[in-house]
Amino acid sequence: MSLHPTLQPYADAWTHSIEAISELVNPLVEGEWNRRTPCPGWSVRDVVSHVIGLDTEMLGDPRPIHSLPRDLYHVTNEHQRYMEMQVDVRRHHTAPEMTSELEYVIIRRNRQLRNESRDPGTKVRGPLGSELTLEESMRKHAFDVWVHEQDLRAALGRPGNLDSPGAHIARDVLLAELPAVVAEKADAPRSSAIVLDVHGPIEFLRTIRVDIQGRGTLETAPALGPAATLTLDWETYVRLACGRVTAEAVPDRVKAEGDPTLTAAILRNFTVTQ
């Protein structure tokens, strides 16, 4: 195996999630591909198209030349337009076309990963011409594919894999965004601490400390007398952080203690990716 040990967990997580997606969609009849998912504006077909598109770009394939319709209400910025291209170009593909393309992409990506010998710090192309390291790219990709696996599971009524390798990567990716959510977006008081207590298939307790300069840091040590505490289950945490649901829609799933203005501001700014 030539893959760098730092990259192996991301490759393993991607493999686990993409195979789960393939298993979920292979038996679907044509109509089931049109089911709505929690991902705004996207059906089952659209989510699978997006996943295929992500992997073809990881392979270095050219992006499709395609004009988007003007009436896609969920497309409101340049990043969404970029992502929608791979989706819209497949909107009229049949179920067999979708599953066969997915299968072919998985074969090609597995081959690519087997032969991957580059250093984790190697710069690679990202969306919209951005540049990031190979490690960042693979981490983000493993996270994206796991989240979309969960979108499909929700749409198809097939819950599962909330503690899979991809779930653990998702935990780390989402937690890394919390200091900015609390300190910057929610404007938490300086020299304060906010506790996040998550239970379920993946459990953790984290403290976000805001220093005298207003900078937030993530710690594992519990805080005495925090300004606010949020307690929720892992699935709800993912759905909120990924913009699949609002806090107002799941009031019974989130327990907020402490400063009500602060907890409301944190929950209002909880979404870090869509």
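Strand 6, residues 228-233, is mostly covered, with six of its six residues buried. The model is a predicted one. Strand 6 is joined to strand 3 by six bridges and to strand 7 by five. Elsewhere, helix 1 and helix 6 have axes that come within 7 Å, and the loop between helix 6 and strand 3 holds Asp187 and Ser191, each with a positive phi.

**Strand 6: side chains**

- In a regular strand, side chains alternate between the two faces of the sheet.
- Ala228, Leu230 and Leu232 point one way from strand 6.
- Thr229, Thr231 and Asp233 point the other way, and the residues of both sets are all buried.
- Buried stands for a relative accessible area under 20%, and six of the six residues of strand 6 are in that class.

**Strand 6: pairing**

- Strand 3, residues 192-199, runs parallel to strand 6, and six bridges join the two.
- Leu196 has Leu230 of strand 6 as its bridge partner; Leu230 points the way that Ala228 and Leu232 do.
- Strand 7, residues 254-258, pairs with strand 6 in the antiparallel sense over five bridges.
- Lys255 in strand 7 stands opposite Thr231, a buried residue that points the way of Thr229 and Asp233.

**Helix 1 against helix 6**

- The axes of helix 1 (residues 8-25) and helix 6 (residues 165-185) cross at roughly 120 degrees and come within 7 Å.
- That angle makes helix 1 oblique to helix 6, because the roughly perpendicular range is 65 to 115 degrees and roughly antiparallel begins over 145.
- The crossing of helix 1 past helix 6 is left-handed.
- From helix 1, the residues that meet helix 6 are Pro9, Tyr10, Ala13 and His16.
- Their counterparts in helix 6 are Pro165, Gly166 and Ile169.
- Five residues of this contact are nonpolar, two are polar and none is charged.

**Loop between helix 6 and strand 3**

- Asp187 lies in the loop between helix 6 and strand 3, and its phi is near 55 degrees, a positive value in a residue other than glycine.
- With a relative accessible area of 60%, Asp187 is exposed.
- Ser191 is also placed in the loop between helix 6 and strand 3; the phi of Ser191 is near 60 degrees, again positive in a residue other than glycine.
- Ser191 has a relative accessible area of 53% and is therefore exposed, the cut-off being over 50%.

Methods: Residues are numbered from 1 along each chain as its sequence is written. This is a predicted model: local features need pLDDT of at least 70, side-chain atom pairs count only at pLDDT 80 or more; totals for chains, interfaces and linings use all residues. Side-chain values use heavy atoms; hydrogens and water are left out. Axes are lines fitted to C-alpha atoms, for helices over the stretch in contact, and angles run from 0 to 180 degrees between N-to-C directions. Helices (H or I, at least four residues) and strands (E, at least two) are DSSP runs, numbered from the N terminus. Angles under 35 degrees count as roughly parallel, over 145 as roughly antiparallel, 65 to 115 as roughly perpendicular and the rest as oblique. A crossing is left-handed if the near helix is turned anticlockwise from the far one by less than a right angle, and right-handed if clockwise. Contact means heavy atoms within 4.5 Å. Ala, Val, Leu, Ile, Met, Phe, Trp, Tyr, Cys and Pro count as nonpolar, Asp, Glu, Lys and Arg as charged, and the others, Gly among them, as polar. Buried means under 20% relative accessible area, exposed over 50%, partly exposed in between (1.4 Å probe, protein chains only). Two strands pair if DSSP finds at least two bridges between them.
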